[in-house]
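Please read them with the structure open.

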Amino acid sequence: MKKDFFNSTSLIEYSKETHSCDPITSLEQIDFNSDSKKIKWLNTYGTHHKNEFKSIITQSLLDDFLLKLISEEKHPNKVLELDNVLFVTIKVLKTETINFQTEQMFFILTPHILWSIQEQKGDYFEWIRERIRENKGIVRNKKTDYLLFLILESIIDNYEEAYENISSSMETLIQGSDVKPTPDFTQNIEKEKNTIITFKKAVTSLRDIITKLEKVEQQKINKKFYSELSTQIHNILNTIDFDLQEMESKINLIFSIQGHRLNEVMKTLTIFSVIFIPLTFLAGIYGMNFEYIPELKHHNGYFILLGAMIIITLVSVYYFRKKKWF
Amino acid sequence: MKKDFFNSTSLIEYSKETHSCDPITSLEQIDFNSDSKKIKWLNTYGTHHKNEFKSIITQSLLDDFLLKLISEEKHPNKVLELDNVLFVTIKVLKTETINFQTEQMFFILTPHILWSIQEQKGDYFEWIRERIRENKGIVRNKKTDYLLFLILESIIDNYEEAYENISSSMETLIQGSDVKPTPDFTQNIEKEKNTIITFKKAVTSLRDIITKLEKVEQQKINKKFYSELSTQIHNILNTIDFDLQEMESKINLIFSIQGHRLNEVMKTLTIFSVIFIPLTFLAGIYGMNFEYIPELKHHNGYFILLGAMIIITLVSVYYFRKKKWF
Amino acid sequence: MKKDFFNSTSLIEYSKETHSCDPITSLEQIDFNSDSKKIKWLNTYGTHHKNEFKSIITQSLLDDFLLKLISEEKHPNKVLELDNVLFVTIKVLKTETINFQTEQMFFILTPHILWSIQEQKGDYFEWIRERIRENKGIVRNKKTDYLLFLILESIIDNYEEAYENISSSMETLIQGSDVKPTPDFTQNIEKEKNTIITFKKAVTSLRDIITKLEKVEQQKINKKFYSELSTQIHNILNTIDFDLQEMESKINLIFSIQGHRLNEVMKTLTIFSVIFIPLTFLAGIYGMNFEYIPELKHHNGYFILLGAMIIITLVSVYYFRKKKWF
Amino acid sequence: MKKDFFNSTSLIEYSKETHSCDPITSLEQIDFNSDSKKIKWLNTYGTHHKNEFKSIITQSLLDDFLLKLISEEKHPNKVLELDNVLFVTIKVLKTETINFQTEQMFFILTPHILWSIQEQKGDYFEWIRERIRENKGIVRNKKTDYLLFLILESIIDNYEEAYENISSSMETLIQGSDVKPTPDFTQNIEKEKNTIITFKKAVTSLRDIITKLEKVEQQKINKKFYSELSTQIHNILNTIDFDLQEMESKINLIFSIQGHRLNEVMKTLTIFSVIFIPLTFLAGIYGMNFEYIPELKHHNGYFILLGAMIIITLVSVYYFRKKKWF
Amino acid sequence: MKKDFFNSTSLIEYSKETHSCDPITSLEQIDFNSDSKKIKWLNTYGTHHKNEFKSIITQSLLDDFLLKLISEEKHPNKVLELDNVLFVTIKVLKTETINFQTEQMFFILTPHILWSIQEQKGDYFEWIRERIRENKGIVRNKKTDYLLFLILESIIDNYEEAYENISSSMETLIQGSDVKPTPDFTQNIEKEKNTIITFKKAVTSLRDIITKLEKVEQQKINKKFYSELSTQIHNILNTIDFDLQEMESKINLIFSIQGHRLNEVMKTLTIFSVIFIPLTFLAGIYGMNFEYIPELKHHNGYFILLGAMIIITLVSVYYFRKKKWF
Ligand SMILES: [Mg+2]
Ligand SMILES: [Mg+2]
Ligand SMILES: [Mg+2]
Ligand SMILES: [Mg+2]
Ligand SMILES: [Mg+2]
Ligand SMILES: [Mg+2]
Ligand SMILES: [Mg+2]
Ligand SMILES: [Mg+2]
Ligand SMILES: [Mg+2]
Ligand SMILES: [Mg+2]
Ligand SMILES: [Mg+2]
Ligand SMILES: [Mg+2]
Ligand SMILES: [Mg+2]
Ligand SMILES: [Mg+2]
Ligand SMILES: [Mg+2]
Ligand SMILES: [Mg+2]
Ligand SMILES: [Mg+2]
Ligand SMILES: [Mg+2]
Ligand SMILES: [Mg+2]
Ligand SMILES: [Mg+2]
Ligand SMILES: [Mg+2]
Ligand SMILES: [Mg+2]
Ligand SMILES: [Mg+2]
Ligand SMILES: [Mg+2]
Ligand SMILES: [Mg+2]
Ligand SMILES: [Mg+2]
Ligand SMILES: [Mg+2]
Ligand SMILES: [Mg+2]
Ligand SMILES: [Mg+2]
Ligand SMILES: [Mg+2]
Ligand SMILES: [Mg+2]
């Protein structure tokens, strides 16, 4: 069991000048109270190593409330300021999956150690490890708050890209062809809307994390990093809200088109009926078999009736024209 | 009367090292001012023991405003910071009942004593008593704020499970079959929506309690515990809001389908009518009994008319095709 | 004039041990600066005694801005922190009247004197006077802030009861019979909604008062009393919002039922028309009087035609069945 | 130019004991730094005296940012706390005009001088000048903050009266006759709604001013005056919101009535059609000219058919009755 | 590369008394730490000079987080308070383009230096340079916070003018002709709405910047300037919201007109049908060929039937009149 934990855990140590990445062989290597000025990034894949987690927490004298937190199954996004440590957990949307599965990640942060625990193997953080290794950018000049900032930025960047895909599929749906007032089209719009809302839920929840991190006072967290993330994530949320409003417009449009079409259909029926109903009635009258119907005997009766019918038709047409029905 | 109170009341005392659970035999045992460093959990079933409540409050020199509070019949959820005591009352949704009946619970909290008063016998807190008895987890290291945290967490967990049931019954309703634009279906959706809103009301009200507890400064309440509850309950609320929006979508869809069906029905009627109305009129014309209708004498009159009718039909069909009615 | 004022004014004085209720005979009796530790409750019926009000304010050296406030006709709800006095005015909804008439009440509060001025004779506060007289509860141990709390609680309790009536009449409207999609029913719903909104307006406005009182820092106002009122009034507001949402649901349902009924009606018409239109046309054809229509001569022509008509009918019925129209 | 400015400007000086109102003859008379304990109210009609404004600002050493502000053409409502002066500008709705024209007003305030600049001659403030002149009320005991309070109160009172007119014209529209589901009626409602919203915009904007004035800490502004204005203006806003909601209800009602009428119309058509269509078809059958139709020969054929038709009619009527169509 | 940077960069230096505008020839000229009391405005066209940017940041010992910020491609609007510098980036809407393209601008601000970096050549700021050159207004008395204020004011003024154009095109759409309930008209309204919402998004985002600048405490930023901008931008936002509500009204009106027209159409059809259907049926009855139909033999049968038909018609007309159908 312990061996499995050692295999799933890596430790990166760095300072302005040095960098090392040694395998873990004993729990004693992981000491949150060491005096070393080096920054340590401890990463564990798998959230099931409860025993090792407990050993580390107890041995490093971290807040014992971590014991309760770490032993629970499901977590929504959280930032908790504990006694000597900051606890962050995020349900990361796996944007590459179809139904937006999620991966739970934990971050336990002291000024010199960041311990990240991920539910599943593999992550988007390789570029950060590279920057540390090759001393790119300013990461080696900064503390763990900057490291957490880079990790969160990776997640947000990933969301941003994922939303661009969703958004462009929405564009195709809406603008590729004209808006059609069919249930299918409406259903597609509503489905797309639900996808966007699921996504918005995850982003909003992540924004709440960032907002809380901006307000953390303990732990020498540098506000400016999280202020930067905050603007990024607000930007995504604004785009989402804008798209949602655009969809609302489309739905309104669908109802309006339906109403218009119905009007057109009914006008057609009504005009036709109103013109022919009296004519057909007249024809019925003179199709009756009464013995004595004087008009029938009249030599030009038929032609007089046809003339009357034409006049009735013209009057009807004039009436509808005046009412601007066509 | 007093005997009834003693039977309904239990007292658990514990510290890091010790644990006891003795029966109550006199009111003097309940002393909020005792110097003992042990934590006491006093639990009473039944809110009608007004006399005993008053004796205890007066004898322990607790804030006399408690006297007024405790003598009232109905309470919404409340957190009140009194002079030397914190007063919390919650109307707990009994999620196992069909119409969401509620049970009133009171919590009177000082740093070393938590007094819980429940309207009805039985509760979801047995697991907490077990953890205290068997020294599981960290409960015996903590004070009454942690104990109240565990109690509130039980309630929230229960809500969470209950909402999962509601939510899955909603899923069945919406996705089990296609959306049907009938009043029955709409009514079911609206009923389900009302259930969810009732539930949301209870959860929102509990969230307000938690938010207030997070802000309590007196009483050495540890903020981190309630911050943890706060994230849990926000998570439920977000899920509820998401489900409500999904239902809104379905209702929009229903209206859209209704509109579409009406269009289909009316188009069918109109097309049929517009095609046959002139034909029937023509048949009526030549069914008239005028003595002199020259066409009737024509040998091929009937076949010429049938031909004319076919042409009229084709023109109508062409017209509707061009208008994309079918 | 002065005599009228003395008749309309009563003064209750009390402390933990004593209680008196003497008639007022001179303005000098009313001294806001007296050293006495007794609590005084001065109550005046009638807001027209402007001269006496001015005398008292000037003589007691109260903030002269009160002069301006007291001389105005109409007041919305207000809490004003003046120099040495707290000024509260409430437009109390007279819930026993049909159209929710209002009664203006003023409260002028210093730590030892509460002066209540009511527009109309009679009030809901007799039970408070009784509690003071008979030393029930804790009122005689507390100062004027508790007295004002009891008065406001009376008003809120009265609102609560009134809303229960409104709410149950709404229930009867909605659930007594099924929802009917008639304009009458809609109009009743909308009327009921307006009543609820009027009520909500008054409650919201009172809540704003309570919220302001919670924040008053001057005057030794005890926050916990108003915190208690705040939870009560929030509870009413939540219930109102819930009921409003339920009504919104009903209105949606009405529209849905209307749409469904229209669909049913039109389907009936269309099915009937589509089945009979071709049959009637055929009958019309063979009712024509052309000299030469070969089918008419055929011995079984009539029966063949009837057979054809049955086939056409069956095809139509099959078509509608397949389209699930019935 | 200067003469024009002197003619358009008046200066009122007052203290508890004295009052004077002298014509302005030189810019030196206007000294914001004078030691005099008297309160000065300087009023200028016309915003085009830019040169004189600049002279006064420079000479009195007021914040030079005023130079920029005063040289601009259009201003939304503003409260700016400058270095030694408070700058307030309001676009006052001229409620006596039909389309709500506006008049720009500037107020430059130090503890002892209030300088009001109005775009147009004439104002609602004559009653304030009278109160100062005749020492009515408490204005002569107070400083410039009270003077500005009285001016703002005049504006708010004027809005209140104007809104009462708008509101009562709305009442007439809605309740004078029944709600009619015609486009004209809807258009009137929407027009009225737009008027109310324009008005709300002005009131909301004024409220923002008041809220800012409540928060001003510099300048010895007395919070209580603006707190009083704040309750007044909130009251107007609440009434507006209530009226808007009532209109929303009416619009919902219109849609509901439209839907109901359509249902009635279509039911009438359908019932008539469904009853007569089969009867007319039968008449058509026996109007055919086939040589051999046995029923036609039957002596009582006609009466048997009439009997059958009556039965068919009764069945149809029974069917619609059972479906509760009428 | 460096030469390109020098060509794209200009440096304006000024104080109360002096003003100079020299070409840049070496990076050493740009020193954020110089002791000179003069204000410097450094402007660079082009955001691709990453190397030079890095040199300047490193050499001037500015916060190294700027390195990360400046190296990124896309930025939403941001205000970041860094260690010794304020970083502002704005995506300026290019209102002269049709689809609202944007131009990224960066502002790096210390009390004595403002460095503006613009994505594209040319700007709206020439009038500011003129005011500095010719010592107009108060710009030469103020620091860089006033300079940034002038720049932001240019951008807001530009937005204001742009919105006036959008708004007047909307007016034309809505009021130029009557509201027409066609899908085209609805689509135009929805398009216009989307344009306004895009614009609102940009303005809201700029407002967030201004709000943050108002709250900046570091850097000796003078709050009053940004308070002035804040009122300006709130004014635009209020106008936008008002226009959006007006559009919402129009859309409601469209639906109402559609509903009304449909009612008119259906009433016409129904009245015509209901009047003629029984008449035509009667004509059909007496057109039947039964051998024995006694009425047919009656000498005045035809005229009696016509009389009966007139009576039936009158009854129908009376019925519809009573129901107020026309
Ligand atoms: Mg959100
Ligand atoms: Mg949002
Ligand atoms: Mg947003
Ligand atoms: Mg939205
Ligand atoms: Mg919606
Ligand atoms: Mg809508
Ligand atoms: Mg709608
Ligand atoms: Mg809520
Ligand atoms: Mg929520
Ligand atoms: Mg939410
Ligand atoms: Mg919600
Ligand atoms: Mg929702
Ligand atoms: Mg909706
Ligand atoms: Mg409200
Ligand atoms: Mg509310
Ligand atoms: Mg509420
Ligand atoms: Mg609602
Ligand atoms: Mg609504
Ligand atoms: Mg709706
Ligand atoms: Mg408002
Ligand atoms: Mg309001
Ligand atoms: Mg509002
Ligand atoms: Mg509203
Ligand atoms: Mg609406
Ligand atoms: Mg609506
Ligand atoms: Mg926005
Ligand atoms: Mg806005
Ligand atoms: Mg706004
Ligand atoms: Mg507004
Ligand atoms: Mg709006
Ligand atoms: Mg909308």
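1. Start inside chain C. In this predicted model, α7(C) and α9(C) pack at an angle of about 160 degrees. Their axes are 10 Å apart. An angle over 145 degrees counts as roughly antiparallel, so the two helices, α7(C) and α9(C), are roughly antiparallel to each other. Helix α7 of chain C covers residues 223–285, and helix α9 of chain C covers residues 301–322. The crossing of α7(C) past α9(C) is right-handed.

2. Which residues of α7(C) and α9(C) meet? From α7(C) come C:T270, C:I271, C:V274, C:I275, C:P278, C:L279, C:L282 and C:A283. From α9(C) come C:L305, C:M309, C:I312, C:T313, C:S316, C:V317 and C:F320. By class, the contact of α7(C) with α9(C) holds 12 nonpolar residues, three polar ones and no charged ones.

3. The residues of the contact of α6(C) with α7(D) divide into five nonpolar, 13 polar and five charged.

4. Look next at chain A and chain B. Chain A puts 60 residues into the contact, and chain B puts in 53 residues. The area buried between chain A and chain B is about 4,800 Å². Carbon and sulfur atoms give 65% of that area. The interface of chain A and chain B has seven salt bridges.

5. Then take chain E and chain A. How many residues does each chain bring to the contact? Chain E brings 60 residues and chain A brings 53 residues. Chain E and chain A bury about 4,800 Å² between them, with 65% of it on carbon and sulfur atoms. The salt bridge count between chain E and chain A is seven. To inspect a salt bridge here, find A:E153 and E:K68, whose side chains meet at 3.2 Å, N to O.

6. Some chain pairs make no contact. Chain A and chain D are not joined by any contact, and their closest C-alpha atoms lie 9 Å apart. Chain B and chain E do not touch either. For chain B and chain E, the nearest C-alpha atoms are 9 Å apart.

Notes. Residues are numbered from 1 along each chain as its sequence is written. Chains are lettered from A and ligands numbered from 1 in the order in which they are written. This is a predicted model: local features need pLDDT of at least 70, side-chain atom pairs count only at pLDDT 80 or more; totals for chains, interfaces and linings use all residues. Side-chain values use heavy atoms; hydrogens and water are left out. Ala, Val, Leu, Ile, Met, Phe, Trp, Tyr, Cys and Pro count as nonpolar, Asp, Glu, Lys and Arg as charged, and the others, Gly among them, as polar. Contact means heavy atoms within 4.5 Å. Buried area is the accessible area (1.4 Å probe) that two parts lose on being put together, summed over both. A salt bridge is a side-chain nitrogen of Lys or Arg within 4 Å of a carboxyl oxygen of Asp or Glu. Axes are lines fitted to C-alpha atoms, for helices over the stretch in contact, and angles run from 0 to 180 degrees between N-to-C directions. Helices (H or I, at least four residues) and strands (E, at least two) are DSSP runs, numbered from the N terminus. Angles under 35 degrees count as roughly parallel, over 145 as roughly antiparallel, 65 to 115 as roughly perpendicular and the rest as oblique. A crossing is left-handed if the near helix is turned anticlockwise from the far one by less than a right angle, and right-handed if clockwise.
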